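Please read it alongside the sequence and the structure shown below.

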Amino acid sequence: MRVRYTQGAVMSEYEHTCMIRGDGGRTIRAILDRICNKWTLLIVATLDQGSLRFTDLHHQVPGISQRMLTLTLRNLERDGLVSRTVYAEVPPRVEYALTPTGKSLIPPALALAGWAIEHISHIEASREAYQGSR
């Protein structure tokens with residue numbers, strides 16, 4: 001297997017597949033599962049505007065339950081995408097913010113959203129045609 005280094009990333013003959021790390025794709029799948037879940041990108045995009053308290057974040061992400069917001073924030077904090085700051089006040093104040101790694105997710109997320117917007121009419125037409133053929 002040939003390996004070359006580009007922009008700090010290890011590339012190989014499998015550079016366009018999940019096999020890039022040689023672990024059967026488990027590591028990349030786990031990261032993509034976290035990033036591509038239902039709530040992560042909404043939370044990251046909301047935090048791109050600045051740090052927020054839990055309640056404010058909960059109000060700005062429509063449809064998310066408190067439990068799911070808590071779980072997603074914990075996972076994002078564990079993965080280094082979100083930081084959690086606790087202020088010693090009464091009542092305690094906790095704020096969440098994007099880390100530099102979390103901020104680096106914004107451009108690819110916007111690119112994906114742009115792709116979806118650009119292709120939505122074609123996708124909707126294809127869905128209708130598919131349903132009509134069933």
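β3 and β5 pair in the antiparallel sense over 2 bridges; strands (E, at least two residues) and helices (H or I, at least four residues) are DSSP runs numbered from the N terminus, and two strands pair if DSSP finds at least two bridges between them. This is a predicted model, in which local features need pLDDT of at least 70 and side-chain atom pairs count only at pLDDT 80 or more, whereas totals for chains, interfaces and linings use all residues. Residues are numbered from 1 along each chain as its sequence is written, and side-chain values use heavy atoms, with hydrogens and water left out.

**Sheet**
- The open sheet has 3 strands in the order β3-β5-β4, with antiparallel pairing.
- β3 (52–53) and β4 (82–87) are the edge strands, each with a single partner strand, so one side of each has no neighbour in the sheet.
- Tyrosine 96 in β5 is the residue opposite leucine 52.

**Overall fold**
- The chain contains 6 helices and 5 strands, which run β-β-α-α-β-α-α-β-β-α-α from the N terminus on.
- Of its 134 residues, 25% count as buried, that is, under 20% relative accessible area with a 1.4 Å probe, protein chains only.

**Nonpolar core**
- The largest nonpolar core has 19 residues, of which Ile43, Leu47, Leu57, Leu73 and Val82 touch the most other members; such a core is a set of buried Ala, Val, Leu, Ile, Met, Phe, Trp, Tyr and Cys residues joined through side-chain atoms within 4.5 Å.
- Two or more residues of this core come from each of α2 (40–47), α4 (66–78) and β5 (93–98).
- Leucine 73 is in contact (heavy atoms within 4.5 Å) with Ile43, Phe54, Leu57, Val82 and Tyr96, residues up to four places away in sequence not being counted.
- In soluble globular proteins, nonpolar side chains tend to be buried together.

**Helix α2**
- The buried residues of α2 are Thr40, Ile43, Val44, Thr46 and Leu47.
- Seen down the axis of α2, these buried residues fall within an arc of 160 degrees, so they line one face of the helix; the arc is that of the directions from the helix axis to the C-beta atoms.

**Threonine 72**
- Threonine 72 lies in helix α4 and is buried, at a relative accessible area of 3%.
- Its side chain reaches the backbone oxygen of methionine 68 at 2.8 Å.
- Threonine 72 also touches Trp39, Thr40 and Ile43, leaving aside residues up to four places away in sequence.

Methods. Buried means under 20% relative accessible area, exposed over 50%, partly exposed in between (1.4 Å probe, protein chains only). A polar contact is a pair of N or O atoms within 3.5 Å; within protein, one must be able to donate a hydrogen and the other to accept it, and residues adjacent in sequence count only if both atoms are side-chain atoms.
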